[in-house]
Amino acid sequence: MTTAVAAPFRFFSLQVTRTRRLGPSLLRVTFGGEDLHAFRSDGCDQSLSLFLPHPGQREPAVPHELGWGSPRSGEADGGGGWWQAWRELPDGVRAVMRSYTLRSLRRDPDEIDIDFVLHTPAGPASRWAARAGAGDRVVLLGPALADNRAIRFRPPADTDLLLLWGDETAVPAASAILESLPAGARARAWLEVRDAGDIQDLATEADAEITWLVRDGRGVEGSPMALDALRAARLPPSERPYAWIAGESGCVRQLRRHLVGERGIDRRRVTFVGYWRQGLSEEQLRETE
């Protein structure tokens with residue numbers, strides 16, 4: 001007897017329902033669609049692949065009828081092949097693919113929020129988000145199983161202190177993590193943003209100390225500001241800390257070395273995720289992997 005196993009990921013055809021400016025550099029886009037009834041995630045830092053149309057296109061060109069597959073591992077289900085077919089589309093036709101994290105998921109109606117960083121000069125995703133309006137179509141490759149491998153935040157049950165760092169690309173995930181923490185949990189977070197107007201009021205039941213690091217025109221993402229702030233921090237005593245650090249790859253590596261080498265945190269209790277790399281587009285980054 002063969003037991004059917006549900007695919008952990010699938011494609012979702014979505015439309016913009018509304019947008020909201022969170023600050024000078026941050027924009028929240030809310031998406032809806034009938035497909036979202038099948039969207040499942042129990043993770044606070046759920047990773048997603050978002051496909052966007054080029055200017056003049058009504059919807060993004062993604063051969064999702066071929067089935068899902070991981071663009072980084074080459075996996076595919078029985079109908080796989082979309083990845084290669086997508087890559088073979090002409091540059092001006094092939095949908096723009098960008099990686100994001102889920103900010104929030106709601107039911108009745110089914111909606112998800114994704115926060116975008118607005119850059120100057122703008123890249124293709126930033127340009128799309130700045131002009132997005134109700135009814136604009138996108139395609140999302142996201143989870144159909146609530147517990148899936150695109151969730152990285154997994155603190156051990158015995159964690160007695162949570163440490164978080166993220167630049168603005170990781171602020172949505174870090175914010176969701178902080179909002180999910182129960183009363184009694186201890187957390188220290190450092191969130192780096194471009195402008196003071198990007199600071200958000202986050203509600204959490206945890207004993208959480210949140211430090212906003214504002215570049216305000218000084219340096220770029222992944223600057224020494226983050227490492228200096230963590231080195232200067234006086235952490236409360238703990239026996240089993242867990243750290244989650246995400247953002248620019250070079251900065252993430254520096255912070256991991258500090259936490260493991262200088263703070264003495266067990267490397268197995270440090271989750272580190274490079275969402276992007278200074279000087280490389282996402283297309284260029286994928287070519288290096």
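Modeller: In this predicted model, a salt bridge is a side-chain nitrogen of Lys or Arg lying within 4 Å of a carboxyl oxygen of Asp or Glu.

Colleague: What makes the pair of Asp 266 and Arg 268 a salt bridge?

Modeller: The closest N and O atoms of Asp 266 and Arg 268 are 2.8 Å apart, and because the cut-off is 4 Å, the pair meets the rule. By this rule, the count for the model comes to 19 salt bridges.

Colleague: Why is Arg 268 called exposed, and how does Asp 266 count?

Modeller: Arg 268 has a relative accessible area of 73%, and because exposed means over 50%, the word applies. Asp 266 has 30% relative accessibility and therefore counts as partly exposed, since that class runs between the limits of 20% and 50%.

Colleague: How do you know that the salt bridge between Arg 269 and Asp 158 ties together parts that are apart in sequence?

Modeller: The closest N and O atoms of Arg 269 and Asp 158 are 3.0 Å apart. Arg 269 lies in the loop between H5 and E12, whereas Asp 158 lies in the loop between E7 and E8, so this pair joins parts of the chain that are 111 residues apart in sequence. Arg 269 is buried at 14% relative accessibility, while Asp 158, with a relative accessible area of 36%, is partly exposed.

Colleague: Why is Asp 167 said to have no salt bridge?

Modeller: Asp 167 sits in the loop between strand E8 (161–166) and helix H3 (171–180), and the nearest side chain of opposite charge, that of Arg 215, is 6.4 Å away. Because a salt bridge needs a distance within 4 Å, Arg 215 does not qualify as a partner for Asp 167. Asp 167 is buried, and its side chain makes a polar contact with the side chain of Trp 276 at 3.0 Å, which is inside the 3.5 Å limit for such a contact.

Colleague: What makes H4 roughly parallel to H5?

Modeller: Helix H4 (residues 225–232) and helix H5 (residues 249–262) pack at an angle of about 20 degrees, their axes being 9 Å apart. That makes H4 roughly parallel to H5, because angles under 35 degrees belong to that class. The crossing of H4 and H5 is right-handed.

Colleague: Why does Arg 263 count as partly exposed?

Modeller: Arg 263, found in the loop between H5 and strand E12 (270–276), has 29% relative accessibility, and because buried means under 20% and exposed over 50%, partly exposed is the class that remains.

Methods:
Residues are numbered from 1 along each chain as its sequence is written. This is a predicted model: local features need pLDDT of at least 70, side-chain atom pairs count only at pLDDT 80 or more; totals for chains, interfaces and linings use all residues. Side-chain values use heavy atoms; hydrogens and water are left out. Helices (H or I, at least four residues) and strands (E, at least two) are DSSP runs, numbered from the N terminus. Buried means under 20% relative accessible area, exposed over 50%, partly exposed in between (1.4 Å probe, protein chains only). Lys and Arg count as positive and Asp and Glu as negative; His and the chain ends are not counted. A polar contact is a pair of N or O atoms within 3.5 Å; within protein, one must be able to donate a hydrogen and the other to accept it, and residues adjacent in sequence count only if both atoms are side-chain atoms. Axes are lines fitted to C-alpha atoms, for helices over the stretch in contact, and angles run from 0 to 180 degrees between N-to-C directions. Angles under 35 degrees count as roughly parallel, over 145 as roughly antiparallel, 65 to 115 as roughly perpendicular and the rest as oblique. A crossing is left-handed if the near helix is turned anticlockwise from the far one by less than a right angle, and right-handed if clockwise.
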